[in-house]
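Dear colleague,

Please find the structure for your studies below. I would be grateful if you read the notes that follow with the structure open beside them.

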Amino acid sequence: MRKFIPKIFLHLVLIIAALLSIFPFYWMFVMATNHNSAITKVPPAFVPGDQLVTNFQNVLKNIDFFGAMGNSVIVSITTTLGVLFFCSLAGFAFAKLHFKGKNILFAFILLTMMIPMQLGLIPQYYIITKLGWLNDLKAIIVPGLVDAFGIFWMRQYITGTIPDELMDAAKIDGSSTFRIYWNIVVPNITPAFATLAIIKFMSVWNDFLWPLTVLRDQASYTIQIAVRALIDNYVRDNGMILSGTFWATFPLIVVFLLFNRLFIDSLTKGALKS
Amino acid sequence: MEPERKKGVVFSKVTKKGKPKQDLIAYLFVSPFFILFAIFGLFPILFSFYIAFQKWNGITAMEFNGFQNFVFVLKDPIFWKSLSNTIIIGILGTFPQLIVAIFLAYALNSALIKLKGLYRAAIFMPYVTSTVAVAIIFGILFSSQDFGLMNVILGWMGMEPVAWSTTEWGVKIAISVMVFWRWVGYNTIIYLAGIQAIPEELYEAAKIDGATLWQRIRYVTIPMLRHVIIFTVFLSTIGALQLFTEPLVYLGRSFREEGITVVLYLWRDAFVNNAFGTASATAVILFFIILLFTSLNVKLSNRIGK
């Protein structure tokens, strides 16, 4: 009995926590499928309705939903690929090559992780204006191509997994440093790539402050900015608003449910190491 | 980008003796970070310090005006309001969250294996959602109208509806709940990873000594998780000081005083009022506030770490 009661209690806690975590998703779906009048009566509808298509059509009338999705996909994928390449290259250099000032440079990179980037928001905006990148996806992509955490992460992984002997063998065969990176390092660090890709993709996809600042033109909106624009309407149609939120969230949730193990493992590993 | 084989041979010879060539390649490999950081990170932060002393609307020429921007910001009651809002929401959204996360992690670790994955996924799911989506959903849950779900629930309990989006504490509670909901699962998983590294023998020993559930959490789990807890407190503090998306989406461009945060205050100043000088002064002040909180955190962790 002494063992049994705590166990029931722990399960009860977990069930409540799980339900509270999922409820807003359910509620989002309920509202996305109901007419605004069903949501604004007291008490509101608690079961899904039949307005799924209508609400989404209203979303399409208000924002360029697919265009914004496309922008988010372009921005997230390009940035992620850039980070994977540049960070693994730098991580490789810090892990395996010897050069003057290596430790100082690496310590500097770690230090930059402590500084919130929005402290330089205004000059950043000014630089983007001067470059003529306002309303241009380059404004999001280019500054995001490198990542201090990514370099740190890659260095840790490469140090731990690539034996020096393997590199020496390649050197004796006459491979260049880049060739060693490309043929030996890259194929052996796929798990590190997967982890970093997830972390980076999510943070770019969900970013709000910077895109809001530099993307002022509807055609350049990422999905986060476009979805937020839905609530600017004079007449608040909650069914329409939540339909936009639902369809914008849906792809990430599906991906998460498919790869949830990999997702959670990689994010915790990444977080704990930093 | 295909390097020639010939060059490789030269490279392998050079590495044994003279280093310069390999140095150069290494610098080339690490240079993208330093170039982009210089342009989009370091320079902007330093330049903020410069603009903070100028009168500037972003278009016409800058005009040096000494400490006037700082005087203006520090005399502005709205700035102090934004700072106190940031701190209050930070405390409300963070501390309860970290405490709940420890309990959830403990529960997840000891529950039956079968459902663990399911619970874990459910609790973690909010983190995968964007802050914008969270703020929109909770904005409707915390609607000031009678149909807002929170008010419906209050009605069931026989209470009066609350004007969540227009009252001092209503706004703060709503925003704190958004922060809580999105991050509690993330911290739970981090704690879970930490808990799983605690040797089982410690719990066994505690059990043999007759420790209750609470005592096991208090005297085994929490001390062993010390470093992970410090890490999450650190992250949460920095995150709380940067709070922006939730209040902006929840309150819209009205920038209501009840929910304005320091970053929101800065952003409004720069991109709505075109007052780049005072906005930069705010950024500089925020820089020192973050520095202060960071050193407090470091001090705290040094003390706990010993």
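This is a predicted model: local features need pLDDT of at least 70, side-chain atom pairs count only at pLDDT 80 or more; totals for chains, interfaces and linings use all residues.

Over all chains, a search of the whole structure finds 60 aromatic pairs. One of them is formed by A:F108 and B:F37, whose ring centres are 5.8 Å apart. Their planes stand at 80 degrees, and angles over 60 count as edge-to-face, so this pair is edge-to-face. The pair crosses between chains: A:F108 belongs to helix α5 (residues 102-112) of chain A, and B:F37 to helix α2 (residues 20-51) of chain B. With a relative accessible area of 30%, A:F108 is partly exposed, whereas B:F37, at 9%, counts as buried.

A further pair, B:F138 with B:W181, is tilted, with 5.2 Å from centre to centre and 50 degrees between the planes. This pair links distant parts of the chain, as its residues are 43 apart. B:F138 lies in helix α6 (residues 131-141) of chain B, and B:W181 in helix α8 (residues 168-196) of chain B.

Finally, two charged residues lie over ring faces. A:R155 is placed over the face of A:F106, at 4.3 Å from the ring centre. B:K172 is placed over the face of B:W169, at 5.8 Å from the ring centre.

Yours sincerely,
A colleague

Note on methods: Residues are numbered from 1 along each chain as its sequence is written. Chains are lettered from A and ligands numbered from 1 in the order in which they are written. Side-chain values use heavy atoms; hydrogens and water are left out. Rings of Phe, Tyr and Trp (its six-membered ring) pair if their centres lie within 6.5 Å; planes under 30 degrees apart count as stacked, over 60 as edge-to-face and the rest as tilted. Helices (H or I, at least four residues) and strands (E, at least two) are DSSP runs, numbered from the N terminus. Buried means under 20% relative accessible area, exposed over 50%, partly exposed in between (1.4 Å probe, protein chains only). A charge sits over a ring if NZ of Lys or CZ of Arg is within 6 Å of the ring centre and within 35 degrees of the ring normal.
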